Amino acid sequence: MASLVDRMRGHGRIAAGLLFNLLVSICIVFLNKWIYVHHGFPNMSLTLVHFVVTWLGLYICQKLDIFAPKSLPPSRIFLLALSFCGFVVFTNLSLQNNTIGTYQLAKAMTTPVIIAIQTFCYQKTFSTRIQLTLIPITLGVILNSYYDVKFNFLGMVFAALGVLVTSLYQVWVGAKQHELQVNSMQLLYYQAPMSSAMLLVAVPFFEPVFGEGGIFGPWSFSALLMVLLSGVIAFMVNLSIYWIIGNTSPVTYNMFGHFKFCITLFGGYVLFKDPLSINQALGILCTLFGILTYTHFKLSEQEGSKSKLAQRP
């Protein structure tokens, strides 16, 4: 009875974490869109602000004894910080050089790449039925992107690099928490400033720094206030991402990312009357079917593993 209550509490915590991530992720998408459209704040510079605010938020949290920092050698998290910068740069370049459909289709390939990395590099096994759930999810994203997919060589190179680096980053977030025996706050506390420093070096190559349109340009008070608010929400997004990956798996988080994509598409249709074709509607249903099937199989396997452990003498 006690173990059943504990399992229910564990599932409840994960469901609450996923719901929180869903809310703040949708919130930041619309807020960032507002900032780009109405203020023209540069994309990578906004990401840099997000990570600086994230580090400041974590610094305040540790001063309030919400968590205790754990000393980590910079060399152990260097690749994690570098992969974050790579994933930001390459996904931005992919979006810049591809259509939205091609960009989204490439992002859908992150899930199978994560499974491949965990299978070949971390000797993690996935059941056949778990692997088969990738079919309706990928098919759903293809249907969503059907009329918008246009290929060009440079765009495909950036998209492929973006998928590879994003997959590595998500795998390493979970692996490093277990390897270094740290929680999400402790790991992010050290990774955020290192990633900020790397992004600060990268920004001048892609965006202006000073003057009109630069991160240190003459922005209005309302623009700065919106950027700061975006940074605070990004702090919550980053923290929830690390927590979800640490408490579930990179594949589960990625599956949830597809769900957020469907919700965003549907929300745009309901709230902003964005056009939604039959293909997109079928794609949403197909993707949701794959995600629900994955969730069912994953929970069944977890329950089976726990039952086997409980039966051992």
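**Close-up 1. Threonine 54 and its contacts in the predicted model.** In this predicted model, threonine 54 touches Leu188, Ala192, Ala234, Phe235 and Asn238, leaving aside residues up to four places away in sequence, where contact means heavy atoms within 4.5 Å. Threonine 54 is part of helix 2; helices (H or I, at least four residues) and strands (E, at least two) are DSSP runs, numbered from the N terminus. With a relative accessibility of 0%, threonine 54 counts as buried, the classes being buried under 20% relative accessible area, exposed over 50% and partly exposed in between (1.4 Å probe, protein chains only). Although threonine 54 and phenylalanine 235 are 181 residues apart in sequence, their C-alpha atoms are 4.4 Å apart in space. Residues are numbered from 1 along each chain as its sequence is written, and side-chain values use heavy atoms, with hydrogens and water left out. Because the model is predicted, local features need pLDDT of at least 70 and side-chain atom pairs count only at pLDDT 80 or more, whereas totals for chains, interfaces and linings use all residues.

**Close-up 2. Leucine 187 and the largest nonpolar core.** The largest nonpolar core has 69 residues, and those with the most contacts inside it are Leu58 and Leu187; such a core is a set of buried Ala, Val, Leu, Ile, Met, Phe, Trp, Tyr and Cys residues joined through side-chain atoms within 4.5 Å. Helix 10 (residues 221–247) gives the largest share of this core, 11 residues. Not counting residues up to four places away in sequence, leucine 187 touches Leu72, Ile77, Leu80, Val173, Lys176, Gln177, Leu180, Val182 and Tyr242. In soluble globular proteins, nonpolar side chains tend to be buried together.

**Close-up 3. The salt-bridge network of Arg76, Lys176 and Glu179.** Salt bridges link Arg76, Lys176 and Glu179 in a network, a salt bridge being a side-chain nitrogen of Lys or Arg within 4 Å of a carboxyl oxygen of Asp or Glu. Arginine 76 pairs with glutamate 179, and their closest N and O atoms are 2.8 Å apart. Since arginine 76 lies in helix 3 and glutamate 179 in helix 8 (residues 153–179), this pair ties together parts that are 103 residues apart in sequence. Glutamate 179 also forms a salt bridge with lysine 176 (3.6 Å, N to O), and these two residues, 3 apart in helix 8, are separated by about one helical turn. Lysine 176 is buried, with a relative accessible area of 14%, while arginine 76 is partly exposed at 34% relative accessibility and glutamate 179 is partly exposed at 42%.

**Close-up 4. A nonpolar patch on the surface.** Tyr59, Ile60, Leu64 and Ile66 form a nonpolar surface patch that has about 410 Å² of accessible area together. Patches are made of residues with over 30% relative accessible area and no salt bridge, with like charges joined within 9 Å and nonpolar side chains (Val, Leu, Ile, Met, Phe, Trp, Tyr) within 5 Å. Isoleucine 66 is placed in the loop between helix 2 and helix 3 (74–97), and isoleucine 66 counts as exposed because its relative accessibility is 51%.

**Close-up 5. Confidence along the helices of the chain.** The protein chain contains 12 helices and 0 strands. The mean pLDDT of the chain is 78, and 81% of its residues reach 70 or more, pLDDT being the predictor's confidence in each residue, from 0 to 100. Among the elements of the chain, helix 4 (residues 100–108) has the lowest mean pLDDT (68), and helix 2 (residues 43–63) has the highest (86).

Note on methods
Areas by Shrake-Rupley, 256 points an atom, 1.4 Å probe, with all protein chains shown as cover.
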